[in-house]
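Please keep the sequence and the structure at hand while reading.

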Amino acid sequence: MCGIYGEFFKKSKLSSKEAFLKRNDLNILRGPDMSGYWTNSSDCQLGFRRLSILDLSKRGNQPMLSYDSKFAIVFNGEIYNFQEIKADLINENIPFQTETDSEVLVNAIAFYGLIDTLKKLDGMFAFAVYNIEEKQLDLVRDFAGIKPLFYSFDEGNLVFGSRYDQVSKHDLNKNNGIDNSVLRLYLKRHYMPAPFGIINKTFQLRPGEIVSVLSNGTLEKKLYWEFPDLEDTGLIESENEAVNYIEKELTASVHAQMVSDVQLGTFLSGGIDSPLVTYLAKQKDAEIQSYSIGSDSSKHDESEIATAYAKKIGCKFRLDKMTAKSAMDILEDSMEHLKEPFADFSLIPTYLLCHNAKKMGTVMLSGDGGDELFFGYQRFESVFKNKKGFKLPKSLRYLAYGLDKLLFNKKHFNEVLLQKDLANAHQGLHSRFSDTDINALFPNLEPIANKDLPYYNYKNNLSDKELLHAMRKAEYYDMMQKTLIKVDRMSMANSMEVRVPFLKKSMIEASLKIDPELAFKNNEKKVLLKRLLGKLIPGTPISHIKKGFSIPLTAWLKKDLKEPIMQTLFDKNFIDTFQLSETELNRIWNMHQTGKKDYKWVLFTLYSLAKWHQQQSE
């Protein structure tokens with residue numbers, strides 16, 4: 001895993017090499033092992049920081065040229081099927097000098113072309129490739145959005161980087177202010193969804209996107225891969241067949257992601273996905289090590305279950321505990337490495353997880369992606385149970401909701417039924433910051449429409465299968481992206497690569513060949529993965545309620561983290577810059593402190609914005 005950075009200026013002079021390398025070195029934790037630089041001495045320069053994983057020799061350094069010297073590349077990520085592509089290229093008499101997937105990638109682009117190469121790839125990646133003859137730069141991001149890639153474009157000049165601050169603080173953007181529509185989106189979503197950036201004229205590539213700057217300085221964008229539509233026919237409808245199919249595909253995915261020239265381990269939680277990944281990894285490497293952290297809060301602690309999984313699997317296992325003190329010790333460090341507004345407070349235990357696991361290895365496998373592909377979130381049930389109720393007129397929906405609440409304690413319907421449609425309700429379940437609170441806190445923030453999130457545009461009259469698939473697609477492009485941001489930033493802050501077997505392209509596409517109603521059956525989440533876990537590891541505790549990877553922030557805001565967060569929130573520069581209502585901020589803070597209302601999500605969302613503003617101003 002690495003960090004990349006570059007400039008392609010058609011209308012202005014490139015930055016000095018000294019200034020360029022200084023910004024490139026912002027990626028030093030993403031790539032602590034070497035720094036690389038290439039330029040054509042006119043309109044393009046590429047920078048690279050390396051975290052050595054494959055072919056640890058200097059031959060694997062980047063930027064790298066293709067065998068015919070027509071393409072230059074900087075590449076962050078892993079290509080899991082690079083050996084197969086390399087074998088095909090060797091059969092075409094293409095020469096190779098290294099054992100890296102980077103060389104396979106740039107040589108494939110030179111031989112097959114970019115689009116045909118992308119059709120062959122399976123992996124996680126973000127890269128920039130410069131066509132030296134055509135004077136064209138292409139930026140590419142992987143299918144799932146695992147690896148980040150930010151950019152800014154203005155009047156023929158493009159800057160890109162693995163970190164948002166490499167773009168947001170570039171001289172091209174020194175006079176650009178906050179995009180208020182993205183600010184409002186951040187407050188509602190608690191992160192910056194692609195393709196948006198909170199500074200005007202800054203962006204990020206969407207999963208599966210190519211952004212190209214042509215030789216004449218014009219910019220073009222296109223998707224080379226999208227989350228597939230649900231197949232009309234041919235879906236697997238047998239539970240046994242589906243479980244066996246998932247086992248086959250997930251085994252192949254896990255084993256493909258275990259190619260490494262450095263120590264590799266797994267994260268192990270008390271859920272379903274990471275035990276599956278750890279079990280399958282152990283089948284390939286009997287000495288595999290797994291790692292987890294627990295909490296001193298019983299409400300959030302899964303360490304006992306994770307330990308039980310480790311014993312059943314028979315893997316080497318290390319467990320540490322997170323306390324309020326350890327969280328306070330790493331709060332500043334974890335926030336420092338975001339470089340963008342991001343308010344999922346599970347980033348704190350994720351940082352500690354990666355920091356401690358780094359002592360065990362440089363590469364870790366995780367179970368991320370399983371909840372989205374196999375219906376693991378409570379939101380699926382919360383939306384789906386109301387589907388039949390949307391056949392009623394709105395007035396009767398209120399009546400049905402009220403009666404069900406009174407007689408059956410919301411067994412059949414919940415507040416989703418009162419929204420204008422299922423998609424809007426689904427989107428709203430992701431937000432913990434109400435429009436009322438936003439408008440009160442930001443009285444001068446125009447009530448402009450949110451930036452478009454097109455995956456929440458599905459209809460109420462879909463079939464059960466179609467609705468489940470539409471919700472899964474929305475979660476893939478929304479919640480999953482937030483999770484991937486968290487894991488990428490916190491792992492890279494510790495110079496660690498995290499691989500996600502559930503999000504290998506072949507695994508994603510395999511999950512879509514199964515009838516969704518098998519995976520979400522009778523309102524039970526993750527049916528097929530539970531069945532698979534029970535098959536592979538009999539007697540595992542799969543019936544418990546997953547607690548999630550979180551922290552007791554409600555209590556910590558009143559005690560252990562109170563002072564540092566309060567000091568940041570009530571900073572005069574922050575309040576003045578964003579024209580916050582200090583009266584309203586005081587009200588919300590006091591409501592939380594006195595226990596009258598839990599405002600942890602609102603306060604942490606504001607805190608992350610304030611920390612980012614401090615960093616941006618430095």
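The sections below treat the nonpolar cores, a surface patch, a hairpin, backbone features and salt bridges.

The model is predicted. Its largest nonpolar core holds 180 residues, and the members that touch the most others are Phe125, Phe127 and Phe442. Helix 26 (residues 600-617) supplies the largest share of this core, with 9 residues. A second, separate core comprises 23 residues, including Trp38, Cys44, Phe48 and Leu158.

Beyond residues up to four places away in sequence, phenylalanine 442 touches Leu187, Phe578, Gln579, Leu580, Leu606 and Leu609. In soluble globular proteins, nonpolar side chains tend to be buried together.

## A buried loop residue

Threonine 362 is located in the loop between helix 11 (347-357) and strand 16 (363-365). Because its relative accessibility is 15%, below the 20% limit, threonine 362 counts as buried. With neighbours within four places in sequence left aside, its contacts are Leu51, Ile53, Val262, Gln263, Ser495, Met496 and Glu497.

## A nonpolar surface patch

A nonpolar patch on the surface is formed by Leu392, Leu396, Leu399, Leu403, Leu406, Leu407 and Phe408, which together have about 690 Å² of accessible area. Leucine 396, one of these residues, belongs to helix 14 (residues 394-408). The relative accessibility of leucine 396 is 39%, so this residue counts as partly exposed.

## Hairpin of strands 11 and 12

Strand 11 (residues 209-213) pairs with strand 12 (residues 219-223) in the antiparallel sense, over 5 bridges. Valine 213 stands opposite leucine 219 of strand 12. The two strands form a hairpin with 5 residues between them, and glycine 217 in the turn has a positive phi of about 90°.

## Backbone features in loops

Two cis peptide bonds are described here. One joins glutamine 62 and proline 63, with omega about 0°; proline 63 is in the loop between strand 3 (44-50) and strand 4 (64-65). Another joins alanine 194 and proline 195, with omega about 15°; proline 195 is in the loop between helix 6 (180-189) and strand 10 (202-204).

Serine 41 is not a glycine, yet has a positive phi of about 70°. Serine 41 lies in the loop between strand 2 (34-39) and strand 3 and counts as exposed because its relative accessibility is 66%. Lysine 410, also not a glycine, has a positive phi of about 65°. The loop between helix 14 and helix 15 (422-428) contains lysine 410, which is partly exposed at a relative accessible area of 25%.

## Salt bridges

The whole structure contains 40 salt bridges. In one of them, the side chains of lysine 10 and aspartate 43 meet at 2.8 Å, N to O. Lysine 10 lies in the loop between strand 1 (2-9) and helix 1 (17-24), and aspartate 43 in the loop between strand 2 and strand 3, so the pair ties together parts that are 33 residues apart in sequence. Lysine 10 is partly exposed at 24% relative accessibility, whereas aspartate 43 is buried at 7%.

Arginine 531 and glutamate 524 form a salt bridge whose closest N and O atoms are 3.9 Å apart. Arginine 531 is partly exposed, at 34%, and glutamate 524 is partly exposed, at 29%. In the salt bridge of lysine 600 with aspartate 598, the closest N and O atoms are 2.9 Å apart; lysine 600 is buried, at 19%, and aspartate 598 is partly exposed, at 41%. Salt bridges with shared partners join Arg30, Lys147, Glu340, Asp488 and Arg489 into one network.

Note on methods
Residues numbered from 1 in each chain as written. Predicted model: local features only at pLDDT ≥ 70, side-chain atom pairs only at ≥ 80, totals over all residues. Heavy atoms only, no water. Core = buried A, V, L, I, M, F, W, Y, C linked by side-chain atoms within 4.5 Å. Buried < 20%, exposed > 50% of the residue type's maximum accessible area, 1.4 Å probe, protein only. Helix = DSSP H or I, 4+ residues; strand = E, 2+ residues; numbered from the N terminus. Contact = heavy atoms within 4.5 Å. Patch = residues over 30% accessible without salt bridge, like charges linked within 9 Å, V, L, I, M, F, W, Y side chains within 5 Å. Areas by Shrake-Rupley, 256 points an atom, 1.4 Å probe, with all protein chains shown as cover. Salt bridge = Lys/Arg side-chain N within 4 Å of Asp/Glu carboxyl O. Pairing = 2+ DSSP bridges.
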